[in-house]
Amino acid sequence: MDSVADNLARAAKVKLMIFDVDGVLTDGSLHFGPDGEMMKTFNVYDGLGIKLLQESGVQTAIISARRSAITARRAQDLGITHVHQGGHDKLTPFRELLALTGLTEEQCGYIGDDVIDAPILRRVGFAVSVPGGRPEALDLAHHVTQAGGGRGAVREICEFLLRAQDNYARVMAPFLE
């Protein structure tokens, strides 16, 4: 992990924040209903954090190894237009996202928690993991959140980015007036 000052400098450059889903936007649990339908629990604080980040001008994306209609629905609800699901190769969709947006690796942040996130964590300008992440992800992270996946980690990192980019007060003002 890097120092807070180093992480603030890295976060200040982020133009695109990319989120893993299982273990980051959720706590990693999968629930199955009686008919085999999969259910996941998302955190409302995380959702507002993503909306606030978008309001500040930072683009958002999801790259997830698991294909899930629930994830697609959550992304739609949050206005996340860049969504890639399915496949353990996360590097290919990451490169496609760079080509689509015209951004550099340094201008991207990524939050992931497992070994399949390592190829992206190794490349982005601001690599983040969660406290319960696997060692391979934690070792590559510039920053580890205090909150766990599905328990406010995403909100925490969104607010960190907002503060690093001097946008926190502006996006919060409508709610605090």
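Tutor: Buried means under 20% relative accessible area. The model to which this term is applied here is a predicted one.

Student: What makes Asp20 buried or exposed?

Tutor: The relative accessibility of Asp20 is 4%. Asp20 belongs to the loop between S1 and strand S2 (31-32).

Student: Which annotation do Asp20 and Asp113 carry, and where does it come from?

Tutor: UniProt, in an unreviewed entry, places the feature "binding site" at Asp20 and Asp113. They are spread over 94 residues of sequence, yet they cluster in space, with a largest C-alpha distance of 7.8 Å. Asp20 also touches Asp113; other residues in contact with Asp20 include Ile63, Ser64 and Tyr110.

Student: How do you know that the side chains of Asp20 and Lys90 make a polar contact?

Tutor: The contact joining the two side chains is 2.9 Å.

Student: What is known of Asp22 in the UniProt record, and why is Asp22 called buried?

Tutor: The "binding site" annotation of the unreviewed UniProt entry covers Asp22. Asp22 lies in the loop between S1 and S2. Its relative accessibility is 17%; because the limit is under 20%, Asp22 counts as buried. Among the residues that Asp22 touches are Arg66 and Asp113.

Student: What makes the pair Asp22 and Lys40 a polar contact?

Tutor: The side chains of Asp22 and Lys40 meet at 2.8 Å. The limit is within 3.5 Å, so this pair meets the distance criterion for a polar contact.

Student: How do you know that strands S1 and S6 pair?

Tutor: Strand S1 (residues 16-19) and strand S6 (residues 108-111) are joined over four bridges in the parallel sense. Pairing needs at least two bridges, so these strands qualify. In one of the bridges, Met17 has Gly109 of S6 as its partner.

Student: What makes S5 and S8 edge strands of the open sheet?

Tutor: The six strands of the sheet follow the order S5-S4-S1-S6-S7-S8, with parallel pairing. Strand S5 (82-85) and strand S8 (143-144) each have a single partner strand, so one side of each lacks a neighbour in the sheet.

Key: Residues are numbered from 1 along each chain as its sequence is written. This is a predicted model: local features need pLDDT of at least 70, side-chain atom pairs count only at pLDDT 80 or more; totals for chains, interfaces and linings use all residues. Side-chain values use heavy atoms; hydrogens and water are left out. Helices (H or I, at least four residues) and strands (E, at least two) are DSSP runs, numbered from the N terminus. UniProt positions are given in the numbering used here, feature names are shortened, and annotations may be inferred rather than shown by experiment. Buried means under 20% relative accessible area, exposed over 50%, partly exposed in between (1.4 Å probe, protein chains only). Contact means heavy atoms within 4.5 Å. A polar contact is a pair of N or O atoms within 3.5 Å; within protein, one must be able to donate a hydrogen and the other to accept it, and residues adjacent in sequence count only if both atoms are side-chain atoms. Lists of a residue's contacts leave out its neighbours within four places in sequence.
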